[in-house]
Amino acid sequence: MGCNWSDGGCMITGIVAGQYRTAVASVYKYWRITVTASGSIDTYKAHIAEAELFNGTSSVSMVGTYTASSSFSGLGPDKAFDGSAATFWSTNSSTLLPQWIMANLTTAASATSIKITSADNTERALRSPLAFTVEASNNGSMFDTIASFSGIPAWGVSETREFTF
């Protein structure tokens, strides 16, 4: 039995190289994904087509407002939370990592995992996170690190992976 990323049948759980947890989430209003490494070979360093939080098997409502450390014109952070893998968030050209996207949820929530989907072509999929942290806050300025992931293998086109905290 192996893990086949291409069929979406894999979930990263337990300890992955560099994973740690410094806070046990109760409920948080702000959820942030900070991309610290990608496989980008061009000037656009990070893409996330879709990000969705889960509490157990239940999807967390991602209704809220969205911000990012940088965004390319027309590819803002809202695109990563819009329910469509055909749209995506992208950093500005020539912006160095780390870069982050954040959801300010209308209703605070707890989460036990996050699903991330890569972009819709090979070049864009290379910009998917190879290392990232999940952080949460109730005031938008002081963040708890919920989990950190590194050593993530390269992504396929429109691939969804689940990362458990």
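Tutor: Asp 42 lies in the loop between S2 and strand S3 (47-48), and Arg 127 in the loop between helix H1 (122-125) and S10, so the pair ties together parts 85 residues apart in sequence. Helices (H or I, at least four residues) and strands (E, at least two) are DSSP runs, numbered from the N terminus. The model is predicted: local features need pLDDT of at least 70, side-chain atom pairs count only at pLDDT 80 or more, and totals for chains, interfaces and linings use all residues. Residues are numbered from 1 along each chain as its sequence is written, and side-chain values use heavy atoms, with hydrogens and water left out.

Arg 127 is buried at 6% relative accessibility, where buried means under 20% relative accessible area, exposed over 50% and partly exposed in between (1.4 Å probe, protein chains only). A network of salt bridges links Arg 127 with Asp 42 and Glu 123.

Glu 135 pairs with Arg 32, their closest N and O atoms lying 2.9 Å apart. This pair joins strand S10 (residues 129-137), which holds Glu 135, to strand S2 (residues 28-38), which holds Arg 32, across 103 residues. Glu 135 is buried at 11%, and Arg 32 is buried at 17%.

Arg 124 and Asp 120 form a salt bridge at 3.0 Å, N to O. Arg 124 is partly exposed at 27%, as is Asp 120 at 35%. The count by this rule is five salt bridges.

Note on methods: A salt bridge is a side-chain nitrogen of Lys or Arg within 4 Å of a carboxyl oxygen of Asp or Glu.
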